[in-house]
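Thanks for coming. Please have a look at the display first.

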Amino acid sequence: MPLAKIIWVDDEMESLQSQKMFLENKGYEVTTFSNGFDALEYIKSNVVDAVLIDETMPGITGLQTLVKIKEINQSIPVVLITKNETENLMDDAIGSQIADYLIKPVNPNQVLLSLKKIIDNKRLVSEKTTTTYQQQFRNLFTALNSNPDFNDWMDIYKKLVYWELEMEKTNSPEMQEILASQKEEANTEFFKFISRNYTKWLNPKTSEVPIMSHTLLQKKVLPQLEKGVPVFFVLIDNLRLDQWKTIQPIFAESFRILEDETFYSILPTATQYSRNAIFSGLMPIDIQKQFPEQWKNDDDEGGKNLFEEGFFRALLKRLKKDNLKISYTKVVNNHDGQSLVNNIHNMLSNDLNIIVYNFVDMLSHARTEMEVLKELAGDEASYRSVTKSWFEHSPLHHALKKIADKKLKLVVATDHGTVRVKKPSKVIGDKQTTTNLRYKHGRNLNYEQKDVLAFKEPREAGLPTPNVNSSFIFAKEDGFLCYPNNYNHYVNFYKNTFQHGGVSLEEMIVPVIKMTNK
């Protein structure tokens with residue numbers, strides 16, 4: 001079985017017989033033609049993995065043949081071989097989607113390298129990725145068992161996400177399984193770490209604490225303010241680190257990325273808690289104290305995120321920055337998105353523009369309810385793919401591209417991430433117990449202690465106490481919390497859905513990125 005089936009088209013093929021033999025000795029099957037017409041007829045009825053083609057041939061040129069090859073089969077890679085290095089020819093060739101080009105005279109190793117690059121690229125990348133991960137596996141294992149601090153954990157999670165994305169390029173289910181197992185182990189250790197340290201971070205006397213939801217604006221956004229340079233703070237809801245890494249190249253086409261970092265979402269890793277904390281600069285218990293009318297607990301009637309702009313303006317007032325010219329835009333549907341596109345240029349005259357874009361959260365909730373989306377986003381890889389496709393064609397991307405040539409600063413972040421839940425855990429509570437799958441609060445909660453992080457005193461976690469004797473519990477790793485009644489139905493319905501609110505690397509360690517115009 002040959003490595004690949006190659007055709008080589010050149011009107012001086014007799015002089016290239018030694019090169020043909022060289023490729024055949026390397027395992028390739030090579031069929032030769034002296035003109036483009038014969039090559040095209042052959043391609044119509046035969047399997048071809050790659051074409052080597054001379055540019056200057058009588059009858060029909062290499063470029064003309066290339067165009068006709070693409071009409072027959074768009075996916076066949078074509079290597080153009082030419083004596084002519086003029087810019088126009090190169091532009092035409094690249095525009096016609098050549099896979100590579102070689103300048104005459106070519107030596108056998110050049111041709112071999114080009115073919116390897118085109119045909120064997122995926123296999124070589126896969127082998128190299130697998131080998132490198134095997135070497136890095138022990139380093140990650142050591143890091144996990146070396147009592148990592150909050151900075152180390154951010155680094156560990158970045159590495160796990162990096163390898164997860166790299167493993168997508170391989171054909172090694174065994175190595176993907178090993179990585180998934182290592183990620184599971186990391187989440188087990190991370191849960192223990194959060195259980196030990198979370199309340200310490202909320203103590204004002206603790207000197208070393210990570211940037212968290214309620215300190216994000218003061219630490220990462222407001223310091224960017226500079227006279228005459230507008231700052232855009234874009235919060236894409238529910239954006240995991242791996243999803244950010246998938247859309248990062250699209251941002252990089254228009255903006256220069258200066259810092260690509262992470263911060264910690266507060267608990268619960270849910271919108272009404274983490275996002276209100278971001279815009280108020282306060283933990284939920286303090287939001288409730290300062291804004292008793294606006295703060296809503298889970299079981300209260302009314303929208304939970306209706307007052308973000310007011311919270312933010314109050315924060316600016318506390319910081320004596322209320323003279324800033326700001327705008328606040330929330331996008332929750334396509335109409336809002338089109339309005340953003342139409343209005344984005346007007347925002348350039350403001351000091352600070354906040355854009356909250358709701359899409360990924362709606363996608364994760366819709367995926368739970370709709371069978372078609374379960375197919376489209378069945379696992380992490382496809383969830384990333386759907387996110388990338390959305391962003392590429394979104395009004396948000398369109399709007400940002402419209403101002404990419406202006407002098408500005410751009411900070412992109414999120415409120416929390418999600419985790420694909422797999423392991424159910426039973427919880428019993430009274431009628432006031434909340435229905436969330438990754439966290440619950442209520443009185444007299446009965447639960448498996450090993451499955452959750454529990455706060456009998458919510459204030460220790462910076463949370464209000466919705467009712468007397470209410471406690472909060474947070475699911476760990478990839479668990480989800482179900483009531484005993486109709487247990488099997490709900491377990492089957494929610495298993496393998498993306499949820500948030502609990503303690504996992506995916507939900508808590510989330511991206512914050514600083515960019516500027518190119």
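Which residue in strand 14 is the bridge partner of Ile428? The partner is Asn446.

Before I go further, the ground rules. This is a predicted model, in which local features need pLDDT of at least 70, side-chain atom pairs count only at pLDDT 80 or more, and totals for chains, interfaces and linings use all residues. Residues are numbered from 1 along each chain as its sequence is written, and side-chain values use heavy atoms, with hydrogens and water left out.

Strand 12, residues 423-428, runs antiparallel to strand 14, and two bridges join them. Two strands pair here if DSSP finds at least two bridges between them. Helices (H or I, at least four residues) and strands (E, at least two) are DSSP runs, numbered from the N terminus.

Contact means heavy atoms within 4.5 Å.

Next, the charged pairs. The structure holds 29 salt bridges, each being a side-chain nitrogen of Lys or Arg within 4 Å of a carboxyl oxygen of Asp or Glu. I will show three of them.

In helix 2, residues 36-45, Lys44 and Glu41 are three residues apart, about one turn of the helix. Their side chains meet in a salt bridge at 3.2 Å, N to O. Lys44 is exposed at 54% relative accessible area, and Glu41 is partly exposed at 48%. For these classes, buried is under 20% relative accessible area, exposed is over 50%, and partly exposed is in between, with a 1.4 Å probe and protein chains only.

In helix 7, residues 150-167, Lys159 and Asp155 are four residues apart, so about one helical turn separates them. Their salt bridge is 3.2 Å, N to O. Lys159 is partly exposed at 39%, and Asp155 is partly exposed at 38%.

Arg313 and Glu309 form a salt bridge of 3.1 Å, N to O. They sit four residues apart in helix 13, residues 308-318, again about one helical turn. Arg313 counts as partly exposed at 39%, and Glu309 as partly exposed at 29%. Elsewhere, salt bridges that share partners link Glu164, Glu168, Lys183, Arg240, Asp242, Arg384 and Glu506 into one network.

His416 lies in the loop between strand 10 (409-413) and strand 11 (419-420).

Last, the chain as a whole. There are 20 helices and 19 strands. Of the 518 residues, 52% count as buried. The C-alpha atoms fill a box of roughly 90 × 55 × 40 Å, taken along the principal axes. Among contacts with a separation of 6 or more, 74% come from residues 24 or more positions apart.
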